Amino acid sequence: MGDLTDPFQFEFFVRGMVAATLVGVLCGAVGVYVVLRSLAYIGHGLAHSIFGGAVVSFVSGISFYIGATLWGVFTVLLINAVARRRQIGGDAAIGIITTCAFALGVALISRHGQFTRDFDAALFGEILGITSGDLTVIGGVLVLAAAVVFAFWKQLLFTTFDSDVASTYGVPVPWVEALFSLVLAATVIASLQVLGATLIAAALVIPPVTARLLTDSFTRMFALAALLGGASGLVGVYVSWFINVSSGATVVLLQGALFAVALAWAVARSRWPGTGSGERLAAIEGAAID
Amino acid sequence: MVELAPSAPGHRPPPHPDGEPLVELSDLSTGYERTPVLRNVDFTLRRGEFAGVVGPSGSGKTTLLRAIAGQTRRFAGAIKATPRAGERALRLGYVPQVEAINWNFPLTVGQAVLLGRWREMGWRPWPRRHDRELLANILDRLGIGHLANRQIRALSGGQQQRTFLARALIGDPDLLLLDEPTSGVDIKTRHEIMHLLGELNRAGTTILMSTHDLNAVATHLPRLVCVGEGALIADGSPEDVLTPEVLRRTYGAEMLVLRRGDAIYVVEHLDDAMTGESEETPLPATPVGG
């Protein structure tokens, strides 16, 4: 029993676990909008782009959070501007701009070889190196995201469902999209230290997709995605201590396992609809009456 | 042109009731990005009217609806709308083509319909009792009261149209814009939708709808606007508008127009009609030119 509680005696472990849980909730909830708008690629791209921003801010001697935020917002605005040209399209715009931003980071690192080690955390995550300042930033972004989602629930839902029609009903779609881009950029920045640029996309996509397999209600999908994200963050970091594997990778692998279970359940339900509880009950009752 | 009997005065209401102008397009050229789709359009829709827009695919029917909804780029001319007293803009109820809707989105009928009332629902993400009562009333009125909790993807064609009609109506619109509301539905559903729209119009709702269905839909409307190759070709009652000359200019194809009493039939496959392979005609046809 003592072994199971061992890691909790280390403050850095507790901080890491809290951070992974909060980031899981944040990415799960924000990811619902990303997945339903078929923008899974933007999370991946934005994380890599912000890695470039992290390097630029380090080289130019400014705070990572300020530099990465400015870089992230600039990248999203640039993607929107390029994607407006119909002959390019959103996915290609994301591909071009985020990979160029990432390449800029890699170029700066290779030019200043001595920085390489410092960016391991930004690339692969360094959950046990989380400071109380990082926790404050993650908590702050979670509060910001929660406030935006609560205050603009209907506008975000309508814009995500059908942005063209939403604007005919008076929803200020460009503002809603800009606000969401800001929340998404802030989410990626807050998650960079925990999961690393390479794994953020998974945390943004897997819990919402798993939740989608389990429910047909938007509200329930939102709650489930946040819950699955938070739970896999908590359990993933805890398990990683014992199996001696990278925390970020353990969290994502756990999410992948949950997705596989949900997919198997969804496939079974669609192949054998009679196995659903409602139909099974009805069948039993019918047999009894006959 | 073939006229089977002298055209009798129809039972349809007059095409231009004495309502005040609700929307006025003056010499409007409009489209998307750098390309105007419609040119030099003059069109006035009065309060209480029920008008249809016909024309071939790509002629600009949807663009006309979207221009009124403020969703297109204006290159020249003006759009003037007359909102109700105390409001800055027209309240629009827009019903998009069913093909444009993401049916896999996790929404119930009730959630989808309440999106049309996002402004009136205030700051809360959830509906108040008044909103729920209004939702129940509107769903009952459209005969889908029992479907409030059903997934939108689990609806039949007619139920889908009714759901998005309910979303349009729950916001108490000044103008109902419907893009091909009878596209892809069976004959019975088409009849039900047209009956429902007729009832709404008689109750005072102004309606503008696009349709590709000349015989089953367009000929029964009080007013028709023909759009062809980006221009307004004709505007008036079906008796005045549906002539071989107008149809040739609109569709770029020869068509026959058969009249019997106040009924109008457009024979779209001229070759079939001329070789006797068309449906049986009730009276001998007399060619009158065109």
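**Where the chains meet**

Biologist: How many residue pairs are in polar contact across the interface of chain B and chain A?
Modeller: There are eleven such residue pairs, both residues being at pLDDT 80 or more; a polar contact is a pair of N or O atoms within 3.5 Å, where within protein one must be able to donate a hydrogen and the other to accept it, and residues adjacent in sequence count only if both atoms are side-chain atoms. This is a predicted model, in which local features need pLDDT of at least 70 and side-chain atom pairs count only at pLDDT 80 or more, whereas totals for chains, interfaces and linings use all residues. Residues are numbered from 1 along each chain as its sequence is written, chains are lettered from A and ligands numbered from 1 in the order in which they are written, and side-chain values use heavy atoms, with hydrogens and water left out.

Biologist: And how many salt bridges are there between chain B and chain A?
Modeller: The count is two, where a salt bridge means a side-chain nitrogen of Lys or Arg within 4 Å of a carboxyl oxygen of Asp or Glu. One of them joins Arg153(B) to Asp216(A), with their closest N and O atoms 3.0 Å apart.

Biologist: How much area do chain B and chain A bury between them?
Modeller: About 2,700 Å², of which 59% is on carbon and sulfur atoms; buried area is the accessible area (1.4 Å probe) that two parts lose on being put together, summed over both. Of the area that chain B buries against chain A, Phe105(B), Pro106(B) and Trp118(B) supply 26%, more than any other three residues. The contact (heavy atoms within 4.5 Å) takes 34 residues from chain B and 28 residues from chain A.

Biologist: What about chain B as a whole?
Modeller: Chain B has eight helices and eleven strands, which are DSSP runs numbered from the N terminus (helices H or I, at least four residues; strands E, at least two). Of its 290 residues, 52% count as buried.

Biologist: Last one: which residues of H5(A) are buried?
Modeller: Among them are Ala93(A), Ile97(A) and Ala101(A), and what covers the buried residues of H5(A) includes helix H3 (40-59) and helix H4 (64-83) of chain A.

How values were computed: Buried means under 20% relative accessible area, exposed over 50%, partly exposed in between (1.4 Å probe, protein chains only).
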